[in-house]
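Hi everyone, thanks for coming along. Please have a look at the sequence and the model on the screen, and then I'll walk you through what the calculations give.

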Amino acid sequence: MLKIILPSCRIQARLRWEQREDIRVTVCMAEASIAEHFQSNMENGIAVVSLDEDVAESLSRKMLSLFSSKEYRVELDIALPQACGLYLEAKTVSVDSGEAGGRLHCASGVAEINGGAFEELMIESGTAKIDIASVVRSQLESGMTNIHIGEVVEELTVESGKSDIQVGAGCAANIHISCGMGKITIFVPRDVPVWRSVDMGLGKCRADLNPVGEAQPGEPHIRVKVDAGSGSVTLCHPDTESACVPAE
């Protein structure tokens, strides 16, 4: 695991998971170099790259006076072994993983994640915008979320105040969404049994799913559980979204 902690900063990171053993982090500043302020060490087998909080705040104030910038921006080009995970902690985090992503954990005020296939994605943020091709396992906690995931392979858990969510469910996906207000669309493959539970105070639940009966013991099936104060929930096949009708 590589842990990068840059308080009071805005991280823009480009990630690559490669078939190699070493970890490479390249620091690039648009305004000035701060590489000399970084500390790198090992903690319980975890490689940690950090910027002292006092230094970060001092640099932020300096950049504010010189460039009228609200945040000190740090651009990172990170290459990781395929078996390695990444933890990012900063005021604002923007990540582009390219076609393939590994394990990413992020804690920030604002998080924006774009990329391909992730093995694991764990986000804690005030605001989160996620647009990725697929994820095996994901847990997202945010005050406001905008989520687009092409396929959830195994598990997705979302806890949010306000959500706009559109995800595709794999044949054995377990999806649990809890939000105060949300617009939620879940696409499921045809001919796969779906167990669903929707508890909503005010709003509509619509479904247009092929009747395939209950799953037999050991048969792959999709589980969907939604708890929402208000909003809309739509479950349908990818090619029938516009034909969804009220669920029973």
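Let me start with a question: does S134 count as buried or exposed? S134 counts as buried, because its relative accessibility is 16%. The cut-offs here are under 20% relative accessible area for buried and over 50% for exposed, with partly exposed in between, using a 1.4 Å probe and protein chains only.

Before I go on, a word on where this comes from: it is a predicted model, so local features need pLDDT of at least 70 and side-chain atom pairs count only at pLDDT 80 or more, while totals for chains, interfaces and linings use all residues. Residues are numbered from 1 along each chain as its sequence is written, and side-chain values use heavy atoms, with hydrogens and water left out.

Back to S134, then. This serine sits in strand 7, residues 103-169. Setting aside neighbours within four places in sequence, S134 touches G116, A117, F118, I149 and E151, where contact means heavy atoms within 4.5 Å.

Now the overall picture. The protein has one helix and eleven strands. Those are DSSP runs numbered from the N terminus, H or I over at least four residues for helices and E over at least two for strands. Reading from the N terminus, the order is β-β-β-β-α-β-β-β-β-β-β-β. Of the 248 residues, 42% count as buried. If you take contacts between residues at least 6 apart in sequence, 48% of them join residues at least 24 apart. The exposed surface comes to about 12300 Å², with carbon and sulfur atoms supplying 48% of it; these areas are from the Shrake-Rupley method with a 1.4 Å probe, and for residues only the protein chains shown count as cover.

On to charges. How many salt bridges does the structure hold? There are nine, taking a salt bridge as a side-chain nitrogen of Lys or Arg within 4 Å of a carboxyl oxygen of Asp or Glu. One of them pairs D239 with R190, at 3.0 Å from N to O. That pair links distant parts of the chain, 49 residues apart: D239 is in the loop between strand 10 and strand 11 (245-246), and R190 is in the loop between strand 8 (174-187) and strand 9. D239 is exposed, because its relative accessible area is 58%, whereas R190 is partly exposed at 35%.

Another salt bridge joins E154 and R137, at 3.7 Å from N to O. E154 counts as partly exposed at 40% relative accessibility, and R137 is partly exposed too, at 26%.

Then we have R24 and D22, whose side chains meet at 3.9 Å from N to O. R24 is partly exposed, at 31%, and D22 is partly exposed with 31% as well. Both belong to a network of salt bridges that links R16, E18, D22, R24 and D77.

What about disulfides? The search of the whole structure finds zero, a disulfide being a pair of cysteine sulfur atoms within 2.5 Å. As for cysteines, C171 is partly exposed, with a relative accessible area of 44%, and C205 is partly exposed at 24%.

One last stop: G213, in the loop between strand 9 (194-208) and strand 10 (222-236). G213 counts as exposed, because its relative accessibility is 52%. The C-alpha atoms of G213 and P193 are separated by 6.4 Å, with the two residues 20 apart along the chain.
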